[in-house]
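Let us walk through a protein structure step by step.

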Amino acid sequence: MTTRPPFPAPVTPQPVLDVQHVSLRFGNTQIFEDLSFQVTRGASVAVVGPNGAGKTVLFRALIGAIPVEGTIRWAPGIRLGYVPQKLDIARDVPITGFDFLHAQAVAHRLSDAAMAEVLDDVGLSPRAAADSIGSLSGGQFQRLLVAFALLGNPDVLLLDELTAGIDEIGQVQLNELVHGLQKSRGLTLLIISHDLSVVHRYSTDVLCLNRRRAYFGPPRAVLTSDVLTEIYGAPVAFHVHDH
Amino acid sequence: MTIEALVLPVAMAIAAGLVGCFAVMRRMALAADALSHVALPGIGVALALHVHPVFGATAMLLFGGLIVWSLEDRSRLATETIIGVIFSAALAVGSMLTGGDELIEALLGGASGTPSLTEIGFGLLTATIVVVFVLRRRHALVVALVSRDIASTMGIDIRRLELLYMEMFALTVALGLRYLGVLLMGSLIIIPAATAKRLSRNLNEMLMIATLLAVAVTLAGTGLASWLNKPSGPLIVILAATLFFLGLFRKERRAP
């Protein structure tokens, strides 16, 4: 499998992330093969593809949690913030939002004021952060995870289906929040999403993959009916917001 | 009962309360309980070699901690089955190696006589290591509890943290063998923390409540045992379990 840019990729001297010829197998199952792409500073890259395409596995490989063949190279000194889709914690433990944030604050020697600031940035009240994380709504919990990531002062945010399981208004608010933060903090974004309309609206680049093929390039070039039909195995329709 | 005789059980209970909070939140109550059984063959071998039993038990427990840690990445069912088999076998082998009164004492606690200076020194050192570890690493343990992947992006070495935690757990079991024995020490780690989990609103409350409960039931159980002339282990666990059920009742009443 080769990642074929539909357009010649612009030459950038120093990408934030350089992925070259990355392959991964779990036993007999090929997850991806010879995957290559580059992410420039300040880009908003959406990773799309059908269920089981290896999107989450790719993110876990990018953060170094899974070893792969090939090269994954982050620019020197880059700090990552990661919001996973699946968490390990049970909902019934008495861990509050503040307990969780405090762990990041201690690691970076930050004051309580820094915690209050990121809570304000993500629109989560201190009252909600003082509750156990199991009692937060889906949207509040995702905001807490984003706040945790921001507290580490990241250069790059990796968000794995941030809006999954959240009502439509909540999804719009979260998308606005993330892209507002990207602008205000100059972040590079890597986002796994199922919502192609949102991808089309916000992304500078799209990585569209299944287990056999991957395409990387600007949304207008990658999110074509031909590519989507090939990757998803069936025609995919989505609404494009033009601005 | 002298103050000196109370120092060691209090130190043991503080370590048990703190370590237990993360064991309960990580849902490893079964592994925790089974791990304590591995101390028995260590005690048997130590007695045969005329070494203090606590050293044989500690060595075997540290080895048991390594086994649980190395199995943790496997699927849950496989892990529970393997842990169940290994540690039951350890209990069986240990029962063959240890005999008579020593076996009952090793199983249920309540060792006769006052602890030697070596035992007190070793116990206090071990308890200090465990308490310092949990308090210093509690933030990293919380992140690992929420998401191992997030912890990785923060540069936390998860596997190392988990190994250290398992060995702290093993050391805590070793600390309590004199008072609760290999069958019941796991319970003093799990039950006060499980009670605290239901009564707490945040991590610090949970750590504090679990520690206070563990100390309270240990002191009360040890006192009752010497008054009734019974082994201390069963009394400590009965008291801990009673408080757990009272905690359940309180939580149910508070629910809307």
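Look at helix H2 of chain A, residues 97-107. Its buried residues are A:Gly97, A:Asp99, A:Phe100, A:Leu101, A:Ala103, A:Gln104 and A:Ala105. Buried means under 20% relative accessible area, exposed means over 50%, and partly exposed is in between (1.4 Å probe, protein chains only). Helices (H or I, at least four residues) and strands (E, at least two) are DSSP runs, numbered from the N terminus.

This is a predicted model: local features need pLDDT of at least 70, side-chain atom pairs count only at pLDDT 80 or more, and totals for chains, interfaces and linings use all residues. Residues are numbered from 1 along each chain as its sequence is written, chains are lettered from A and ligands numbered from 1 in the order in which they are written, and side-chain values use heavy atoms, leaving out hydrogens and water.

What covers the buried residues of H2(A)? The cover includes H3 (112-122), H4 (126-129) and H5 (138-151) of chain A.

Just after H2(A) comes A:Arg109, with a positive phi of about 50°. A:Arg109 sits in the loop between H2 and H3 of chain A. With a relative accessible area of 78%, this arginine is exposed. A:Asn153 also has a positive phi of about 50°, although it is not a glycine. Its place is the loop between H5 and strand S6 (156-160) of chain A. A:Asn153 is partly exposed, at 45%.

Now go inside. In soluble globular proteins, nonpolar side chains tend to be buried together. The largest nonpolar core here has 121 residues. Such a core is a set of buried Ala, Val, Leu, Ile, Met, Phe, Trp, Tyr and Cys residues joined through side-chain atoms within 4.5 Å. Helix H9 of chain B (residues 158-199) gives the largest share of this core, 24 residues. B:Phe169 is among the residues with the most contacts inside the core. It touches B:Val19, B:Ala23, B:Ala32, B:Leu35 and B:Ile189 (heavy atoms within 4.5 Å), not counting residues up to four places away in sequence. A second, separate core has 31 residues, including A:Val19 and A:Tyr82.

How many disulfides does the structure hold? Zero, over all chains. A disulfide would be a pair of cysteine sulfur atoms within 2.5 Å. A:Cys208 is buried, at 0% relative accessible area. B:Cys21 is buried too, at 0%.
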